[in-house]
Amino acid sequence: MIILQTFLIAIANLLHIIITAYIFIIIAAALMSWVNPDPYNKIVQFLYRATAPAYNLVRKTRIPTVFGGIDIAPIIILLALEFVDLFIVRLLNAVALSL
């Protein structure tokens, strides 16, 4: 049982690290959208490529994401990621500790 418990805790920690890293990428891309960055910069290209699928997924829903010229898609994504981080990661940790 200790092997399964350790494995679940490791998966939960890895998922937490991935979610946290993607949250920072979303924040960086949102900040970059306020300025006029060089589109040929490798970092800017990476940020746009990393966030475009999530933005497109949110924009495909029937939820309006633009209010007064302000796009709230990053906020919706951040809230969803925080929910996953708080709920699923803690659930995995709780299941692992109950074994």
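The protein chain carries 6 positive and 4 negative side chains, and the centres of the two sets lie 9 Å apart; here Lys and Arg count as positive and Asp and Glu as negative, while His and the chain ends are not counted, and the place of each charge is taken as NZ of Lys, CZ of Arg, CG of Asp or CD of Glu. Please keep in mind that this is a predicted model, in which local features need pLDDT of at least 70 and side-chain atom pairs count only at pLDDT 80 or more, whereas totals for chains, interfaces and linings use all residues. Residues are numbered from 1 along each chain as its sequence is written, and side-chain values use heavy atoms, with hydrogens and water left out.

Let me turn to the overall form. The protein chain has three helices and two strands, and they follow the pattern α-α-β-β-α along the sequence; helices (H or I, at least four residues) and strands (E, at least two) are DSSP runs, numbered from the N terminus. The radius of gyration of the protein chain is 17 Å, well over the 13 Å that the globule rule gives for 99 residues, so the chain is more spread out than a compact globule; that radius is taken over C-alpha atoms, and the rule is 2.2 Å times the number of residues to the power 0.38. Along its principal axes, the C-alpha trace spans about 55 × 30 × 15 Å.

Of the 99 residues, 26% count as buried, where buried means under 20% relative accessible area, exposed over 50%, and partly exposed in between (1.4 Å probe, protein chains only). As for contacts, which means heavy atoms within 4.5 Å, among those between residues at least 6 apart in sequence, 58% join residues at least 24 apart.

Now the helices, starting with H1. At 1.5 Å a residue, the 33 residues of helix H1 (residues 2–34) should span 48 Å, and its end C-alpha atoms are 49 Å apart, which agrees; the expected span is 1.5 Å times one less than the number of residues. The buried residues of H1 include Gln5, Leu8, Ala12 and Ile19, and what covers the buried residues of this helix includes helix H2 (42–60) and helix H3 (73–98). Gln5, at 18% relative accessibility, counts as buried, and it touches Ala96, Leu97 and Leu99, not counting residues up to four places away in sequence.

What of H3? Helix H3 has 26 residues and reaches 37 Å from its first C-alpha to its last, close to the 38 Å expected at 1.5 Å a residue. Its buried residues include Ala73, Leu81, Asp85 and Ala96, and their cover includes H1, H2 and strand E2 (70–71). Is Asp85 buried or exposed? At 9% relative accessibility, Asp85 counts as buried; leaving aside neighbours within four places in sequence, Asp85 is in contact with His16, Ile19 and Arg90. Asp85 and Ile17 are 68 residues apart in sequence and 9.4 Å apart in space, C-alpha to C-alpha.

Finally, the loops. Val35 is found in the loop between H1 and H2 and, at 51% relative accessibility, counts as exposed; its C-alpha atom is separated by 50 Å from that of Ile2, 33 residues apart along the chain. Asp38 lies in the loop between H1 and H2 and, at 45% relative accessibility, counts as partly exposed, while the C-alpha atoms of Asp38 and Tyr55, 17 residues apart along the chain, are separated by 20 Å. Thr65, in the loop between H2 and strand E1 (66–67), counts as buried at 8% relative accessibility; neighbours within four places in sequence aside, the contacts of Thr65 include Val58, Arg59, Ile72 and Ile76.
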